[in-house]
Amino acid sequence: MVSVTVEFLGGLDVIVNKQRIHQVQIDEEGVDMKRLISYIADQMITNKNDVEVFLEDGSVRPGILTLINDTDWELEGGEGYLLEDKDVISFTSTLHGG
Amino acid sequence: MEASEELRKELTALKLENARLHRELQNREREQEKRYPLSLEEFRRYGRQMIVEDTGGVSGQIKLRNAKVLVVGAGGLGCPVLPYLAGAGVGVIGIVDNDVVDTSNLHRQVLHNSTTVGMLKCESARRVLNKLNPFVEVRTHPVRLSNANAFEIFEFYDIILDATDTPLTRYLISDVAVNLGKTVVSASGLGTEGQLCILNYNNEGPCYRCFYPKPPTPTSVTSCQEGGVIGPCIGLVGTMMAVETLKLILGEYEKIGFQPFLKTYSGFPEQVLRTFRMRGKQSNCACCGQTPTVTRESIESGLIDYDAFCGSRNYDVCTSEERITVEKFEREYRTRSDSNYILLDVRPRHHYKISHLSDSHNVTVKELRDMDGELEKLQAHIPNISKDSEVVVMCRYGNDSRLATRLLIDRFGIPSVKDISGGLFKYIDKVDPSIPKY
């Protein structure tokens, strides 16, 4: 079982009832980022039409940055990173306006 | 005429004296310049920043004077960056922008004003900067940045600031800067949020493609025109760009070491600035990696096609029979007394609240899509709608309304649906200018 904070930033909160910060508990052993992402798609995105805003070809859509405790997930092992209690996972859309 | 002869002699003597004094003054000024690297006026002007120790005093000020910075975009980000750079005494400031000032820019693009509406933004900005600091040279480039002109423009400058508003230009700026070995300060914003990073720092740091090897799907890209933007929020991010630019010029990162980062700012509900630690240069990066394919040659030849790479949203989903002009809408629907049709406005609710046509119904494209073609769900919003209804669809500019028209015909099975070409704003322009545009 693991309990983490999941944030949806840069306007991504529209896919999770406009709530930016969520406490998420997954009652499984060895939960990695890949599992968390599928959990978000299955359990947290209420409107199934919004899943494509978050996922593309089974992974986080290009244009969304994924951060583990304020660090680019590429530096933490990406999809294979094993979640630990109290981790803060942030997803933020890249902005392009200026 | 003794008296005038006297006067003439006196005048000649005064002229000689005048010339002598001019020479002496010039000599003294030259001496002064030899003694001090800045003019007395420059000391007065930059004194308050020179006495901040972090700037390195006079030597820092000379670094600023020798710096050449290019700002691409004189909009919401460029407007705060430019006067701060000029005020600080950055020697040469270039501005690339081919757009003209519009009234709808003024709430955030505070270098421009009501009297410069219609003027090129780079020209409007230059006028302000020239008045702000005559020691700074401002060069304007009133062109749209492209594969063909980017290298030529960038070459002259030391640091490039990306204050643009599309993914396309963001890739182009980063790619060209990497190929010319220049550091980029890149920022963006939308709504109440902004992001900031430094790219290709000293040819050691990651570039835009390291962060974003794949472009975002075009449907996920929102512009300020569509999504709106709060002036001081984007302004703050632009101001942060100016801070980073000064730090680069003054060599701050040489002292503290550069760690790749992305800063995110949110203005609402709480003001929060966060710094994320980011990946470094990627060895497999198409531009700055070990075997780059994005080279000067491939960019300038047009082989790198940014339009195709970034793609665009396809709104071209209606036949010409499925679309009507605003004039035809007015003539055959709006003012026909026996007309019995349903007018559907598919803009977001908060847009609709600003202004809309009477007797219209507001259901957004997203809501229509989420109904999965179930007519009962649509009837919850518009009770008298049926498969036999005559429906006319409008949005702001006539893009979303085409997507909605397609949905209504194909998913809901309503055969008689027409899209109003050009949307509400075209209707306002051509038919009823008394309705507010925003």
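**Domains of chain B.** I looked up the domain assignment of chain B and found domain 1 at 51–310 and domain 2 at 320–431; such bounds come from an automatic or database domain assignment. The centres of domain 1 and domain 2 of chain B, taken over C-alpha atoms, are separated by 40 Å.

**Ground rules.** I am working with a predicted model, where local features need pLDDT of at least 70, side-chain atom pairs count only at pLDDT 80 or more, and totals for chains, interfaces and linings use all residues. Residues are numbered from 1 along each chain as its sequence is written, chains are lettered from A and ligands numbered from 1 in the order in which they are written, and side-chain values use heavy atoms, with hydrogens and water left out.

**UniProt record.** I checked the record: an unreviewed UniProt entry places "domain: Rhodanese" at residues 337–436 of chain B. UniProt positions are in the numbering used here, feature names are shortened, and annotations may be inferred rather than shown by experiment. I read 36% helix and 15% strand over residues 337–436 of chain B, with the end C-alpha atoms 25 Å apart. Helices (H or I, at least four residues) and strands (E, at least two) are DSSP runs, numbered from the N terminus.

**Second largest pocket.** I noted about 550 Å³ of space in the second largest pocket. A pocket here is an open set of points on a 1 Å grid over the protein atoms alone, where a 1.4 Å probe fits, with protein on both sides within 12 Å along at least five of seven lines; lining residues have an atom within 4 Å of a point. Grid points are joined across faces, edges and corners, and the volume is the space filled by probe spheres set on the points. I listed 23 lining residues for the second largest pocket, with Glu74(A), Phe211(B), Pro213(B), Lys214(B) and Arg279(B) nearest its centre. Strand 4 (59–60) and strand 5 (64–68) of chain A and helix 8 (208–211) of chain B each give two or more residues to this lining.

**Cysteines.** I found zero disulfides over all chains, a disulfide being a pair of cysteine sulfur atoms within 2.5 Å. The sulfur of Cys288(B) lies 3.3 Å from the closest cysteine sulfur, in Cys210(B), too far for a bond. For Cys79(B) the closest cysteine sulfur is in Cys122(B), 12 Å away, also too far for a bond. Cys79(B) is buried at 1% relative accessible area, and Cys288(B) is buried at 10% (buried is under 20%, exposed over 50%, partly exposed in between; 1.4 Å probe, protein chains only).

**Asn18(B).** I placed Asn18(B) in helix 1 (residues 2–35) of chain B and, at 42% relative accessibility, recorded Asn18(B) as partly exposed.
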